[in-house]
Amino acid sequence: MENGKYLNKLILTVKFLEELNMLPANANLTQTEFRLIREIVVEREAGNQIISSEIARRLNITRSAVSQLVTKLEKRGIVKRMASPTDRKIFYVVLSESSLAVFKRQCDEVNELINRVVEEFGQDKIDRLIELSEAFAALFNKLRKESGRENNSLRK
């Protein structure tokens, strides 16, 4: 396969994986909402709180997009903004107790779906897919950085 075909195949594969929705078809949350709530829960379980700019960084979306999502979820009673007691400019995004139960139920449904995929696709294939994906990403990033250094040295 020529280089251009690899580029096109990789772009399509990455796009497909990014758009792969692991939530059940009847989920109450969008994938981005689920990921946002997951970040809140991860911090909560560690005894911490999270601000919208950190959520934006972790989800790789803009702070404006996070603000819109939080506003939407606030209207649904899922999250709320809570002012920092030490800094008036900072607002934490927190979950309501009832939302935590809904989120955990949604997690159980996602895990059930993933378990079915692993069962049908095969644990060995899934493990190999993850292993190869991680190795590919590491090599790609390493070579990309090296390529950047080479290009920078040519500009001097």
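User: Where does L20 sit?
Analyst: L20 is in the loop between α1 (3-19) and α2. Helices (H or I, at least four residues) and strands (E, at least two) are DSSP runs, numbered from the N terminus. This is a predicted model: local features need pLDDT of at least 70, side-chain atom pairs count only at pLDDT 80 or more, and totals for chains, interfaces and linings use all residues. Residues are numbered from 1 along each chain as its sequence is written, and side-chain values use heavy atoms, leaving out hydrogens and water.

User: Is L20 buried, exposed or partly exposed?
Analyst: L20 is partly exposed, at 39% relative accessible area. Buried means under 20%, exposed over 50%, and partly exposed in between (1.4 Å probe, protein chains only).

User: Which patch includes L20?
Analyst: A nonpolar surface patch of F16, L17, L20, M22 and I114. Together they have about 470 Å² of accessible area (Shrake-Rupley method, 1.4 Å probe, only the protein chains shown count as cover). Patch residues have over 30% relative accessible area and no salt bridge; like charges are joined within 9 Å, nonpolar side chains (Val, Leu, Ile, Met, Phe, Trp, Tyr) within 5 Å.

User: Now the inside. How many residues are in the largest nonpolar core?
Analyst: The largest nonpolar core has 22 residues, and those with the most contacts inside it are L36, I37, I40, I55, V79 and L95. Two or more residues each come from α2 (31-45), α3 (52-59), α4 (63-75), β3 (91-95) and α5 (97-121). The largest share, five residues, is from α2. Such a core is a set of buried Ala, Val, Leu, Ile, Met, Phe, Trp, Tyr and Cys residues joined through side-chain atoms within 4.5 Å.

User: What does I40 touch?
Analyst: Beyond its neighbours within four places in sequence, I40 contacts I50, I55, V79, V93, V94 and L95. Contact means heavy atoms within 4.5 Å.

User: And F34, buried or exposed?
Analyst: F34 is buried, at 11% relative accessibility. F34 lies in helix α2. Not counting residues up to four places away, F34 touches L23, L29, F103, Q106, C107 and V110.

User: Switching topic. What order do the strands of the sheet take?
Analyst: The open sheet has three strands in the order β1-β3-β2, with antiparallel pairing. The edge strands are β1 (50-51) and β2 (79-83), each pairing on one side only. Two strands pair if DSSP finds at least two bridges between them. β2 and β3 have five bridges. M82 stands opposite Y92 in β3.

User: How many salt bridges are there?
Analyst: A salt bridge is a side-chain nitrogen of Lys or Arg within 4 Å of a carboxyl oxygen of Asp or Glu. The count comes to eleven.

User: Which bridges involve E39?
Analyst: R38 bridges to E39, with the closest N and O atoms 3.2 Å apart. R58 also bridges to E39, at 2.8 Å. R58 is in helix α3 and E39 in helix α2, so that pair ties together parts 19 residues apart in sequence. E39 is buried at 11%, whereas R38 is partly exposed at 42%. R58 is partly exposed too, at 28%.

User: What about E146?
Analyst: E146 bridges to K142, with closest N and O atoms 3.4 Å apart. They are four residues apart in helix α6 (residues 123-155), so about one helical turn separates them. Elsewhere, salt bridges that share partners join R38, E39, E43, E54, R57 and R58 into one network.
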